[in-house]
Amino acid sequence: MQELQIEWNGRTVTVDGKIPTDTDRFVESLADEIWNYSGYTITSGYAASLFGHTGPCEEVEFTLPLICLDRFYSMIEGLFEAGFSVMSPGDGLAWYRLFRSGAGVRIARNEEFFPNVHIRANPLQSDQYAYLKRLKIMVNGKRFFAAPLELLIPFILMPGDRGTPEQAAYLYTTCKEEINEIDLRNWMDHLGVDQKLLPV
């Protein structure tokens with residue numbers, strides 16, 4: 001079995017030797033479709049799996065810049081044509097309102113519930129920072145974008161369903177040398193996340 005290798009070059013991370021899962025393949029195909037209409041950043045614990053975490057992942061979240069209604073409709077139409085469906089109730093306009101409010105909509109493969117991805121706009125300062133400073137992660141030659149770890153880890157540790165403490169701990173310990181500890185703790189304070197949640 002090939003050993004997992006992680007190499008950093010600024011905000012570009014190269015991960016080789018990761019065995020892809022069904023969720024990885026789903027996220028990759030959805031990300032490729034969304035990229036035709038908008039940039040995105042992964043703002044949930046799923047990002048830990050890109051770095052080799054092997055635990056279960058039930059929540060995948062993409063945060064997108066706010067796009068206009070017409071472009072949103074085009075993106076949804078493109079997703080439908082590619083075999084995806086919207087799990088959220090309502091129709092196009094209702095979905096757009098959920099998207100732009102930050103509540104978001106869920107996307108899955110047709111007639112399947114899992115895996116799914118929660119996509120939403122980025123109305124908050126922290127979400128906008130996550131997008132502007134996102135990491136480019138190359139996993140076995142496939143491209144993904146994720147929030148900087150200094151912000152991603154607090155996102156995961158916030159109350160809610162963005163991820164698990166195990167995912168946050170994995171990212172913190174695996175990538176500790178690349179994390180700006182001051183920025184990390186500043187973001188934890190800004191988001192109201194208890195710093196005692198970080199592993200020692």
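Trainee: Why is R106 called partly exposed?
Mentor: R106 has a relative accessible area of 23%. Buried means under 20%, exposed over 50%, and partly exposed is in between (1.4 Å probe, protein chains only). R106 falls in between, so R106 is partly exposed. This is a predicted model, where local features need pLDDT of at least 70, side-chain atom pairs count only at pLDDT 80 or more, and totals for chains, interfaces and linings use all residues. Residues are numbered from 1 along each chain as its sequence is written, and side-chain values use heavy atoms, with hydrogens and water left out.

Trainee: What makes D161 and R106 a salt bridge?
Mentor: Their closest N and O atoms are 3.8 Å apart. The rule asks for a side-chain nitrogen of Lys or Arg within 4 Å of a carboxyl oxygen of Asp or Glu. So the pair qualifies. D161 lies in the loop between α6 (149-157) and α7 (165-174), and R106 in strand β6, so the pair ties together parts 55 residues apart in sequence. Helices (H or I, at least four residues) and strands (E, at least two) are DSSP runs, numbered from the N terminus.

Trainee: How many salt bridges does this rule give?
Mentor: The count comes to ten. One of them joins R162 and D127, with the closest N and O atoms 3.6 Å apart. R162 sits in the loop between α6 and α7, and D127 in helix α5 (residues 125-132), 35 residues apart.

Trainee: Are R162 and D127 buried or exposed?
Mentor: R162 has 15% relative accessibility, so R162 counts as buried. D127, with a relative accessible area of 1%, is buried too.

Trainee: Which residues does the salt-bridge network link?
Mentor: E61, R120, D127 and R162. R120 is in strand β7 (residues 116-121). R120 is buried, because its relative accessible area is 5%.

Trainee: How do you know that R120 makes a polar contact with D127?
Mentor: Their side chains come to 3.0 Å. A polar contact is a pair of N or O atoms within 3.5 Å; within protein, one must be able to donate a hydrogen and the other to accept it, and residues adjacent in sequence count only if both atoms are side-chain atoms. So 3.0 Å is within the limit.

Trainee: What makes F114 exposed?
Mentor: F114 has 65% relative accessibility, so F114 counts as exposed. F114 is in the loop between β6 (105-109) and β7.
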